[in-house]
Amino acid sequence: MAAYDTALDRNDLGKGSHGQYRGVLMPANARVRLRLAGSNPHQDELTAIVESGANPLATAIGKRSQQEEGADAPIEVRLFTGSRVSGVVGLVPRGFESVVDEALGRLDTLGRAARIPVEIVRKGGRYRVDLRIGLTR
């Protein structure tokens, strides 16, 4: 368990299943989602995005450097709202860093913008961020 995992609320650890991927981390279908961890501290940012009505939303993250990869640093996620890039809205859940890296690489190979579509959902009175990773197929 990484150091950043212990600081997160038990209801804010993110959500995903490795069983939803085939082969080289290819989502099994277009409905596969990955819920970000660590969104609780960023509720003000998420509220502002929701209230702005910005749509469509997508990630604004780059691939990790060799140094970040070696240090097992968390991947911070910002959102591209069409007109600006938000502040940090969460972290890729522990163990799913390679899934996100692979999706970004797949989008780049396909000649598409390296942005994973996002949906902000309300869960337990708080906003959560779901990466619609299945749409990167």
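Two strands pair if DSSP finds at least two bridges between them. Helices (H or I, at least four residues) and strands (E, at least two) are DSSP runs, numbered from the N terminus. The model is predicted, and local features need pLDDT of at least 70, side-chain atom pairs count only at pLDDT 80 or more, while totals for chains, interfaces and linings use all residues. Residues are numbered from 1 along each chain as its sequence is written, and side-chain values use heavy atoms, with hydrogens and water left out.

**The sheet**

Select the strands of the open sheet: there are 6, in the order β3-β8-β7-β4-β5-β6, with antiparallel pairing. At the edges are β3 and β6, each of which pairs on one side only.

Now select residues 76–80, strand β5. How many bridges join β5 to β6? There are 4, and β6 (residues 85–91) runs antiparallel to β5. In this pair, E76 stands opposite L91 of β6. Strand β4 (residues 57–59) is joined to β5 by 2 bridges, again antiparallel, and here T59 stands opposite L79.

Show the side chains of β5. V77 and L79 are on its covered face, whereas E76, R78 and F80 are on the uncovered one. A charge sits over a ring if NZ of Lys or CZ of Arg is within 6 Å of the ring centre and within 35 degrees of the ring normal. Another such case is R122, over the face of Y127 at 4.7 Å from the ring centre.

Move along to the hairpin of β5 and β6, with 4 residues between the strands. G82 takes a positive phi there, near 100 degrees.

**Salt bridges**

Next, colour the charged side chains. A salt bridge is a side-chain nitrogen of Lys or Arg within 4 Å of a carboxyl oxygen of Asp or Glu, and the count by this rule comes to 6.

Select R128 and D12. Their salt bridge has its closest N and O atoms 3.2 Å apart. R128 lies in strand β8 (residues 126–131) and D12 in the loop between α1 (3–6) and β1 (21–22), so this pair ties together parts that are 116 residues apart in sequence. Is R128 buried or exposed? R128 is buried, with a relative accessible area of 6%, and D12 is buried at 2%. Buried means under 20% relative accessible area, exposed over 50%, and partly exposed in between (1.4 Å probe, protein chains only).

R33 lies in the loop between β2 (26–27) and β3 (34–35), and D130 in β8, so the pair ties together parts that are 97 residues apart in sequence. R33 is partly exposed, at 29% relative accessibility, whereas D130 is buried, with a relative accessible area of 6%.

Go to helix α4 (residues 97–109), where E97 lies. E97 is buried yet has no salt bridge. Which side chain of opposite charge is nearest to E97? R94 is, at 4.0 Å; Lys and Arg count as positive and Asp and Glu as negative, while His and the chain ends are not counted. Show the backbone too: the nitrogen of G95 lies 2.9 Å from a polar atom of the E97 side chain.

**Backbone stops**

Select N55 and P56. The peptide bond between them is cis, with omega near -5 degrees. P56 lies in the loop between α2 (43–52) and β4.

Last, select L25, in the loop between β1 and β2. The phi of L25 is near 55 degrees, a positive value in a residue other than glycine. L25 is partly exposed, with a relative accessible area of 24%.

Methods. Polar contact = N/O pair within 3.5 Å; in protein donor to acceptor, adjacent residues only side chain to side chain.
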